[in-house]
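Q: Please take a close look at one part of this model: the charged side chains that pair up. Walk me through them in short steps.

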Amino acid sequence: MTNPETHSNYVSYLDYQGKHKGIWAWLMSTDHKRIGLMYLSGIILFFLAGMTLGFLMRTEMLTHGKTIMDAQTYNAIFTLHGVIMIFLVIIPGIPAAFGNFFLPIQIGAKDVSFPRLNLFSFWLYMIGGILALSSLFLKGGPIDTGWTFYVPYSLRTNSNVSIALLAAFILGFSSILTGLNFVTTIHRLRAPGMGFFKMPLFIWALYSTAWIQIIATPVIGITIVLVIIERLLSIGIFDPALGGDPILFQHLFWIYSHPAVYIMILPAMGVVSEIIPTFTKRDIFGYKAIAFSSLAIAFIGYFVWAHHMFSSGMSDLSRMIFSLFTFLVAIPSGVKVFNWVATMYKGSIEPKVPFLFVMMFIFLFSIGGLTGLVLGSLSTNIHVHGTYFVVAHFHYVMFGGTVMIMFAALHYWFPKMFGKMYDEKRAKIAIAFIFVGFNMLYFTMFILGYMGMPRRYWDFLPEFQLGQTIATIGSYIMITGFLILIHNLAKALFKGKKAEQNPWGGSTLEWTIPSPPPIENFEEIPVITHGPYYFPSAKEAK
Amino acid sequence: MENVQEIQQEHHSGYGAYVLIWLTLIGLTILTVSVAGFELGKLTLVVALGIAAIKSGLVINIFMHVKYDDKIFKFFIGVALMILMVAFVFTSLDVFFR
């Protein structure tokens, strides 16, 4: 095991001086760790932007009628909130930031297979992000279609749909190239002795995710091109007025966008499978079951897309088939949840910050997952379709699931990435704010949706006033929590105490190298002799 | 270097074959356009997709050299194609039974 103090030639990746200086030393770096950090900075900035838009939306919904903005502005803001949060935060969130940083380290490699391609993916991500934001300010006005770009409205509105679509197209390329890089790296660069079943489960999750990125993303790329062509040349592909089929757009859109939900959640599940063994000092329960359930979720996830379209006029036969598959995908998800809980049984649990996030995840994700079955069932879907119930469901899954784990990952690996430690007490206070605020906001939305409050409406009937007020106050509490959390980390970055090499007692490879890691991770490529979650001292203590 | 040359030689199908495939692709494109003129009802989609499948099969195997590649590449391309196939079938279930 290397120790920074004992090795004179240790240079952290943060201090390394290469060919380029200043900002270019980052923007031109092909080091997977620097690229991971650049993604992370971009993602946090976009998250803050998306959160601000969410804050404005909730403030508008505080009172009946106009509060702070008119209806058209509200349309633009919820669209941009969705586009930013989906395409710029949640999809790249864990794989691009933490995957880039930790995939090579966890498999005992010096970098990814194609470092330059990796940097190129990052540039594409930034170009896509800037383009998406620029659609706000360019002539034509911000896009107002909702993040799903449904036709025929997206073909007819004069807002900047083509620019936003082009942004999504470019971001798709970034995603495909990252996926390609990860698959190749996992196949080709594992350390000697690391068979597929000795890989950490985060790597299994990234592997499954990468395959979805490669196979599903081109479908959205083609769909986007078709919409742009139709807008520019008026060819009747989707527009019914020109002989096109608008439901075909929905099929093509969701053939990508539903698997994309698994691009978002699978890496988060991988992180959970890392954090639980570390903070319970136990080998994971059912390693293979968790690994294969990732693949099963990725695979079945391809065949459930039309459950987003139950009330769009699709054939009855399709509705039944897609409802059945939707129920099937709950099985591997359930396998994971039960295995995580079983891992904790009789473990030496340390409720540190990352572990608390994971607890919160299991609670929120279970509510999100189970309400997904309410939506997957044909009869109840008709009742709650297009209401706040759906909004609450996907926020419980995506926000309560992926974003919470993004922050769990950040708190778990922060000491490793920066070599600094944050204030744990303050982080726990922030978690309490977030948990209370989150449930006030979104659980109320379940009730409002069940009562009939439609999503994307700028105004509401007087009987929804109490629920809307509770939800908005909840959002303010949650935002306060996030601000405390981010401030705490920013403070730790500059004034934090020095972190140890292995502050949590983790057993995967990243904890065997110095914090922050040296430029090429390992002085010598390690030879793997045991599984990823190996805690012999905890066993002896028992 | 020898290895590279060997591989290149092994992968080379000959310019004649490439030109032949190219002409076949053009022929199939003309066929697609011509068939679109006939009223085939629900078969229109099947015929168009059938011709497109033959064309992509030729491109993938010959132009992209997959025919000469390792089994693992063929396996993963097979998986991707199967998923694409299922996407087509499931979408058709809606279109034909709507």
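This is a predicted model: local features need pLDDT of at least 70, side-chain atom pairs count only at pLDDT 80 or more; totals for chains, interfaces and linings use all residues.

A: Arg98(B) forms a salt bridge with Asp245(A). The closest N and O atoms are 3.4 Å apart. This pair crosses between chains. Arg98(B) lies in the segment after α4 of chain B. Asp245(A) lies in the loop between α7 and α8 of chain A. A further residue joins in: Asp94(B) is linked with Asp245(A) and Arg98(B) in a network of salt bridges.

Why can such pairs form? Side chains of opposite charge can pair when their charged atoms come close.

Over all chains, the structure holds eight salt bridges. Take another one, between Asp239(A) and Arg156(A). Here the N to O distance is 2.6 Å. The two residues are 83 residues apart, so the pair links distant parts of the chain. Asp239(A) sits in the loop between α7 and α8 of chain A, while Arg156(A) belongs to helix α5, residues 153–156. Their surroundings can be compared through accessibility. Asp239(A) is buried, with a relative accessible area of 8%. Arg156(A) counts as partly exposed, at 47% relative accessibility.

Next comes Lys33(A). The side chain of Lys33(A) meets that of Asp31(A) in a salt bridge, 3.2 Å from N to O. Lys33(A) and Asp31(A) are both buried.

Charged ends also sit over rings. The charged end of Arg34(A) lies over the ring of Trp26(A), 4.5 Å from the ring centre. Lys288(A) has its charged end over the ring of Phe197(A), 4.6 Å from that centre.

Now go back to chain B for a nonpolar view. A nonpolar surface patch there covers about 970 Å². Among its residues are Phe38(B), Leu49(B) and Phe88(B). Helices α3 (43–63) and α4 (71–97) of chain B each give two or more residues to the patch. The largest share, five residues, comes from α4(B). Leu49(B) is in helix α3 of chain B. Leu49(B) is partly exposed, with a relative accessible area of 34%.

Finish with a residue in chain A. Thr217(A) lies in helix α7, residues 201–233. Thr217(A) counts as buried, at 2% relative accessibility. Leaving aside neighbours within four places in sequence, Thr217(A) is in contact with residues including Gly172(A), Ser175(A) and Tyr256(A).

Conventions
Residues are numbered from 1 along each chain as its sequence is written. Chains are lettered from A and ligands numbered from 1 in the order in which they are written. Side-chain values use heavy atoms; hydrogens and water are left out. A charge sits over a ring if NZ of Lys or CZ of Arg is within 6 Å of the ring centre and within 35 degrees of the ring normal. Patches are made of residues with over 30% relative accessible area and no salt bridge: like charges are joined within 9 Å, nonpolar side chains (Val, Leu, Ile, Met, Phe, Trp, Tyr) within 5 Å. Accessible areas come from the Shrake-Rupley method with a 1.4 Å probe; for residues, only the protein chains shown count as cover. A salt bridge is a side-chain nitrogen of Lys or Arg within 4 Å of a carboxyl oxygen of Asp or Glu. Helices (H or I, at least four residues) and strands (E, at least two) are DSSP runs, numbered from the N terminus. Buried means under 20% relative accessible area, exposed over 50%, partly exposed in between (1.4 Å probe, protein chains only). Contact means heavy atoms within 4.5 Å.
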